[in-house]
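Hi there,

Here is the structure I promised to pass on.

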Amino acid sequence: MRVYLPATSTVLEGLASSGVLGPAPLTAFAVTPGLREYYLDDDIEALEYAAAAEAARAALRLIAADPSAAKRRLVISADVPDASVSVRDDLDRGVVRVAVEVPLAWCASVHADDSEAEATVAIAAEQIDAADLGDPAAEEAIDDAEGFELSWYATQEIAELLAELR
């Protein structure tokens, strides 16, 4: 199953140095029944984009919790054995739990904000909790961050991406 793992520069550095994302369990996003029902779309690419967008939003929470992290949303896409994934649409649409550590070999790509998004992402990370509670101004800050498209990086480009994030 293709999953989208929210990440920060700190998480990506850990993956680069250890060769694994963990410890398990990991919260990720995927095309789940709840996501399909919410988006009412049969196009798998559109649904995968929606799952990745949910992971990017979750990355804001990780940035807020890690003051040393770069102020850019990161999402790591990985192909994980189906038996290691449990659907948790009860938590939120598209949520899955990955029961195992994810080795770099399972990672397909990394998606990251460009430097132009940093100031907007920093504000959004500060406002994510308020947005979750329905604050209209905070929701607007999140929308502003979500207006930036994430750039795609091959796993072979992780070292270069990390150098840019430092």
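Below is what turned up, going from the nonpolar cores to a helix pair and then to the salt bridges.

Please keep in mind that this is a predicted model.

In soluble globular proteins, nonpolar side chains tend to be buried together. Here the largest nonpolar core has 26 residues, and Val3, Leu12 and Ile76 have the most contacts inside it. Two or more residues each come from strand 1 (2–7), helix 1, strand 3 (26–29), strand 4, strand 6 (95–98), strand 8 (107–112) and helix 6. Helix 6 gives the largest share, four residues.

Another core lies apart from the largest one; it has 13 residues, among them Leu35, Ala50, Ala55 and Ala56.

**Leu21**

Is Leu21 buried or exposed? With a relative accessible area of 6%, Leu21 falls under the 20% cut-off and therefore counts as buried. Beyond its sequence neighbours up to four places away, Leu21 touches Leu5, Val11, Leu15, Leu26, Ile76, Glu101 and Val102. Leu104 is 83 residues away from Leu21 along the chain, yet their C-alpha atoms are separated by 7.5 Å.

**Helix 3 and helix 4**

Two packed helices are described by the angle between their axes and the distance between the axes. For helix 3 (residues 44–65) and helix 4 (residues 118–132), the angle is about 105° and the axes are 8 Å apart. That angle makes the two helices roughly perpendicular. On the helix 3 side, the residues that meet helix 4 are Arg57, Leu60, Arg61, Ile63 and Ala64. Their counterparts in helix 4 are Val121, Ala124, Ala125, Ile128, Ala131 and Asp132. Sorted by class, this contact has eight nonpolar, no polar and three charged residues.

**Salt bridges**

How many salt bridges does a search of the whole structure find? The count is ten. Here are three of them, with N to O distances:

- Glu13 and Arg166 meet at 3.8 Å. This pair links distant parts of the chain, with Glu13 in helix 1 (residues 9–18) and Arg166 in the segment after helix 6 (158–165), 153 residues apart. Glu13 is partly exposed at 33% relative accessible area, while Arg166 is exposed at 67%.
- Glu164 and Arg72 meet at 2.8 Å. They are 92 residues apart, with Glu164 in helix 6 and Arg72 in the loop between helix 3 and strand 4 (74–79). Glu164 is partly exposed, at 40% relative accessibility, whereas Arg72 is buried, with a relative accessible area of 2%.
- Asp90 and Arg88 meet at 2.6 Å. Asp90 counts as exposed at 58% relative accessibility, and Arg88 as partly exposed at 27%.

Notes:
Residues numbered from 1 in each chain as written. Predicted model: local features only at pLDDT ≥ 70, side-chain atom pairs only at ≥ 80, totals over all residues. Heavy atoms only, no water. Axes fitted to C-alpha atoms, helices over the stretch in contact; angles between N-to-C directions. Parallel < 35°, antiparallel > 145°, perpendicular 65-115°, else oblique. Contact = heavy atoms within 4.5 Å. Nonpolar A, V, L, I, M, F, W, Y, C, P; charged D, E, K, R; others polar. Buried < 20%, exposed > 50% of the residue type's maximum accessible area, 1.4 Å probe, protein only. Salt bridge = Lys/Arg side-chain N within 4 Å of Asp/Glu carboxyl O. Core = buried A, V, L, I, M, F, W, Y, C linked by side-chain atoms within 4.5 Å.
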